[in-house]
Amino acid sequence: MVAAQAHLDNLTKPRGSLGRLEDLARRIYAMRRGQTPLSVSPALMLTVAGDHGVAAQGVSPFPQAVTRQMVQNFFDGGAAINVLCRSTGMDLLVVDAGCAGGPFAAHPILLDRRLGNGTADLSLGPAMSIDVCLAALRTGIELAHDAADKGYQCLGVGEMGIANSTSGTALYCALLGLDPEVMAGPGAGSDAAMVRHKAEVVRRALAVNAGHLSAGDPVAVLAALGGFEIAVMSGVMLGAASRRLPVLVDGFICSAAYVAALRICPTLGDYAVLAHASAEQGHGRALARLETAATDHRPLLHLDMRLGEGTGGATAYALLRCAVDIYNDMATFGAAGVDAC
């Protein structure tokens with residue numbers, strides 16, 4: 001970090017004048033152990049889909065079938081994540097971690113990593129077993145390692161899964177000691193009554209799974225309250241960090257996966273880039289709980305987004321490209337013949 005700052009301070013600008021772009025450049029330089037030129041291209045977005053048994057509790061205004069319909073929309077290229085990945089230059093793959101309805105037909109951007117036809121209802125007991133949760137984590141790690149082996153220099157994660165904001169809320173409450181009533185939000189568009197109902201369902205989930213949560217083991221918490229797509233995303237983040245790649249973390253749901261992964265391996269914080277501040281009310285509260293750590297948990301963007309899919313990460317990727325280009329391509333004071341500040 002010190003070496004990176006010395007280079008940035010010798011570029012033709014007042015020291016620190018590019019703010020958080022300089023922060024990003026320093027972090028990426030440190031991730032790569034000083035190998036230059038810096039690069040975050042090519043980049044891959046992994047949008048992971050899975051269904052949740054808790055959808056049966058009426059916690060979403062959309063039926064569970066929408067998960068599958070949206071995955072097909074990803075295949076057809078018509079979703080926001082498709083558009084934003086094309087706009088900012090990220091490749092996109094869609095991971096079926098366990099959507100209801102069985103496997104999808106083969107497609108060029110589909111990775112079939114199914115763990116089942118959706119999780120069990122977390123308000124009645126654990127969403128999945130420890131063994132399945134570990135398999136999901138390993139799946140995500142393997143996806144990240146495979147991407148690194150193919151030459152990707154940056155990864156992003158996104159999600160699709162009706163009722164996954166209920167799972168994410170429960171994870172935040174269990175891992176960060178937050179209250180369901182202040183963390184539950186509208187998700188895909190719930191009205192106030194449904195949000196209150198969601199909070200009650202989360203409170204039931206915390207109570208019924210209390211025995212699995214009491215030891216504070218993050219894998220046990222993830223198994224009890226998570227989703228297949230959430231656990232796979234946690235694994236992708238850990239796998240990216242293990243290969244010293246920056247990983248873009250999207251909004252509310254992805255950040256819940258991040259908190260779980262961070263509890264498993266705190267070093268992850270050095271490699272994760274929080275893409276944006278979700279408009280979901282609990283996101284800011286959760287990130288505030290993480291601010292006591294050494295890692296900077298300030299999101300890059302504040303755009304009132306709350307879609308998911310990885311859309312915030314795809315948008316923020318442009319900033320990582322800007323950061324490394326500044327580091328690589330700006331002239332030094334000496335080369336430009338400009339008096340140093």
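1. A polar contact, as the term is used here, is a pair of N or O atoms within 3.5 Å; within protein, one must be able to donate a hydrogen and the other to accept it, and residues adjacent in sequence count only if both atoms are side-chain atoms. By that criterion the side chains of serine 123 and aspartate 121 are joined by a polar contact of 2.7 Å.

2. Some notes on the basis of these values. The model is predicted, so that local features need pLDDT of at least 70 and side-chain atom pairs count only at pLDDT 80 or more, while totals for chains, interfaces and linings use all residues. Residues are numbered from 1 along each chain as its sequence is written, and side-chain values use heavy atoms, with hydrogens and water left out.

3. Serine 123 lies in the loop between strand 3 and helix 5 (helices, H or I, of at least four residues and strands, E, of at least two are DSSP runs numbered from the N terminus). Serine 123 has a relative accessible area of 5% and is buried, where buried means under 20% relative accessible area, exposed over 50% and partly exposed in between, with a 1.4 Å probe and protein chains only. Leaving aside neighbours within four places in sequence, serine 123 is in contact (heavy atoms within 4.5 Å) with Val54, Gln57, Val201, Arg204, Ala205 and Val208.

4. Eight salt bridges are found in a search of the whole structure, a salt bridge being a side-chain nitrogen of Lys or Arg within 4 Å of a carboxyl oxygen of Asp or Glu. One of them pairs lysine 13 with glutamate 22 at 3.0 Å, N to O, and both of these residues are buried.

5. Arginine 298 and aspartate 23 form a salt bridge at 3.7 Å, N to O. Because arginine 298 lies in the loop between helix 13 (281–290) and helix 14 (311–329) and aspartate 23 in helix 2 (residues 19–31), the pair ties together parts that are 275 residues apart in sequence. Arginine 298 is partly exposed at 40%, and aspartate 23 is likewise partly exposed, at 22%. Asp23, Arg26 and Arg298 are linked in a network of salt bridges.

6. In the salt bridge between arginine 114 and aspartate 96, the closest N and O atoms are 2.9 Å apart. Arginine 114 lies in the loop between strand 3 (110–112) and helix 5 (130–149) and aspartate 96 in strand 2 (residues 90–98), so the pair ties together parts that are 18 residues apart in sequence. Arginine 114 is partly exposed at 21%, whereas aspartate 96 is buried at 2%.

7. The whole structure holds three aromatic pairs, defined as rings of Phe, Tyr and Trp (its six-membered ring) with centres within 6.5 Å, where planes under 30 degrees apart count as stacked, over 60 as edge-to-face and the rest as tilted. Tyrosine 29 and tyrosine 327 form a tilted pair, 5.4 Å centre to centre with 40 degrees between the planes. Since tyrosine 29 lies in helix 2 and tyrosine 327 in helix 14, this pair ties together parts that are 298 residues apart in sequence. Tyrosine 29 is buried at 15% relative accessibility, and tyrosine 327 is buried at 7%.

8. Backbone details deserve a separate check. The peptide bond between threonine 36 and proline 37 is cis, with omega about 0 degrees, and proline 37 is found in the loop between helix 2 and strand 1 (43–50). Another cis peptide bond, with omega near 0 degrees, runs from serine 41 to proline 42.
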